[in-house]
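Student: Hello! I am new to this structure and would like a close look at one part of it. Could you then show me how that part sits in the wider picture?

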Amino acid sequence: PQLPCAREALWVLEQLDRGSPVYNIAAVSYLDGPLDVAVLERTLREILRRHEALRTVFPRVNGGPVQALLDPSEFSVELEEVPEMPEAERDAYVRRRTREEGARRFDLATGPLFRVRLYRLSPTRHVFHTIKHHIVTDGWSMGALSRELELIYNAFAAGEPSPLPELAIQYRDYAAWQREYLTGETLRRQVDYWREHLAGVPNLEMPTDRPRPPVESHRGAFHRFLVPPEVTAGLHALSRSEGVTLNMTITAAWAILLARYAGQEDFALGTLIGNRNRAETEGLIGFFVNTAALRMDLSGDPSYRGFLRRVRGVLLDADAHQDLPFERVVEELKPPRDLSRHPVFQAMFFLHAFVVQHAPMPNPDLGGVTFASFDPESGIALQDTGMAKFDLGLGMVELGGVLSAILEYPTDLFDAATAEGIAEHLNALLAGIVADPDACVWDLPLASGA
C-alpha cells in the first residue's frame, strides 16, 4: 500500500542519512513490584497484534517503499540481567546501556521498528526501556500504549482475555483517507493558506557558540529544568484571563526569547499538531502528528498581552489548516536547499509529545507493579538519545503543578553552559510576563535579580 505523506517524508530522510537515530523515540522508567515478564511480553504481543502500525516495516520495491507487516508472535522483550555492583556504579551502567540502546539504529526495510528492553536490577525492580522509530508512532500514541498496557496486562495476569474490543480501523485506513481527502478544492485551500502565511519568511539567525557546520550532524543533548510552581500558576491564571491555552501562552514567551536573541521581528517557529481531529483516530497508535510553521510577528513594539493575541490567531489558523503535511508545505515554498539547518523554521516548541494536553499518559499500574521516573528531577520518561533535530527545541509538560521542561540543542552549535543559560533566561522571562503582561516584549526581563 502507498505510504501516507508524513511516513513517506521520513522514509526519504532515512535514505539521505542512512540509519540515523535522529528519529528514534526512547523512554525509560523504573518498574517496582513483582513483574511477570512472560505476561508483559504476551501483553506487548497483543498490542502489536491490535495496532498494525507498530509492526509495519518498509521494504523497497521498484525503487520505492511499500508497507509490510511483521508477525506479532515473533516479538520478544530483550531481558538483560544487570550484575551486582554498588548502586552508583549500577546506575551509571544502566544509563550507559539505555543510551546505547536508545541510539541503536533501525532498519526500516526489515524492522522491527518497536523494541522493548528490560533491565533486571532485582526480582522486584526493573528498568523498562521502549525504543520506537518515529515512522510508526508519535507522542499521542504513547498515551494509547500506556492505557492498553495496563488493561491487557492486568487481564492476562488474572487469567482473563483482553477486555478491549477490536479496533474499528487501522492506521492504513487513515492513510488511505488522507490521500483521498487532500485533493481538489480542499488541497488548494490548505496550500494557499500556508503559501501566503510563510511567503518570504527569513531564517532565525541566533548567535551560537561555534560557526554552523556546512552539514547538520544532528549530534545533540538535553538540558532539563523546572518552571517554579508560582510562575506555573501565574501562567495558568494569565491564560484563563486572556481566553487562551497554556500552549499559546508559552509559545508566545518562547518566541519572544528567540526574537530577543536574534534581534528579529519576523521568523517562523515550529510546533506539533496532534492531527487527530476525528474520533476514530483517538485510540490508534501510529504516526499522525504534523509539524506546523507559525509565523511570529513582533513588529510595532507590542506588549506581551498584545503579542499573545497575535499568537492565538496564528495557532487557531494553523489548527484550521493542519491537514496539509509539513513536507508538502516545504515543497510549495521551495526554500533554498541548505543542509546546515532545518527548512522554514529552526526552533520548535510543544507541550511535551508524551503528555499532549488532550491525551495525558498516566503511569500504568501493572497489578501492583508501579512505574517511577528514571529521571526524578524532571519526571519525564523521554530519553536523551544524543540527537537534536533543530537549532533549539523546547518541550514542556505539567507535573504536580510544576512545568517540567526539556531543552534539546545541537552540540555542534551550543555548549551545555549556554543551554543552561537559555533555561535561566526563559524562567526569568516567564516570571516577568506573569508580573507585568502589559510590558513591551523588548523590555521584559531576561535575567533574575542575582
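Predicted model: local features only at pLDDT ≥ 70, side-chain atom pairs only at ≥ 80, totals over all residues.

Student: Which side chain does Asp91 meet in a salt bridge, and what is the N to O distance?

Tutor: Asp91 meets the side chain of Arg95, with 3.1 Å from N to O. A salt bridge here means a side-chain nitrogen of Lys or Arg within 4 Å of a carboxyl oxygen of Asp or Glu. Side chains of opposite charge can pair when their charged atoms come close.

Residues are numbered from 1 along each chain as its sequence is written, and side-chain values use heavy atoms, with hydrogens and water left out.

Both partners belong to helix H3, where 4 residues, about one turn of the helix, separate them. Helices (H or I, at least four residues) and strands (E, at least two) are DSSP runs, numbered from the N terminus. Asp91 counts as partly exposed because its relative accessibility is 26%, and Arg95, at 36%, counts as partly exposed too. On this scale, buried means under 20% relative accessible area, exposed over 50%, and partly exposed in between (1.4 Å probe, protein chains only).

Shared partners also build a network of salt bridges, which joins Glu78, Glu80, Arg96, Arg97, Glu100, Glu101, Arg104 and Arg117. Let's take two of its pairs. Glu78 bridges to Arg104, and their closest N and O atoms are 3.5 Å apart. Glu78 lies in strand E6 (residues 78-81) and Arg104 in the loop between H3 (87-102) and strand E7 (114-122), so this bridge ties together parts that are 26 residues apart in sequence. Glu80 pairs with Arg117 at 2.9 Å between the closest N and O atoms. That pair links E6 to E7, across 37 residues. Glu80 and Arg117 are both buried, whereas Glu78, at 26% relative accessibility, counts as partly exposed. Across the whole structure, a search finds 33 salt bridges.

Now for the nonpolar side of the picture. A nonpolar core is a set of buried Ala, Val, Leu, Ile, Met, Phe, Trp, Tyr and Cys residues joined through side-chain atoms within 4.5 Å. The largest one has 74 residues, of which Trp254, Met296, Leu392 and Met396 touch the most other members. Its largest share, 12 residues, comes from helix H8 (residues 246-262). A second, separate core has 46 residues, among them Phe58 and Val116.

Met296 has contacts (heavy atoms within 4.5 Å) beyond four places in sequence, including Phe267, Leu269, Phe307 and Val311. Strand E11 (residues 290-297) pairs with strand E10 (residues 266-273) in the antiparallel sense, over 8 bridges; two strands pair if DSSP finds at least two bridges between them. One example is Gly270, whose bridge partner in E11 is Ala293. E10 is mostly covered, with 6 of its 8 residues buried.

In helix H9, the buried residues include Phe307, Val311 and Val314. Among the elements that cover the buried residues of H9 are H8, E10 and E11.

Finally, a word on confidence: the mean pLDDT of the protein is 89, and 93% of its residues reach 70 or more. Residues 352-360 fall below 50.

Note on methods:
pLDDT = per-residue confidence, 0-100.
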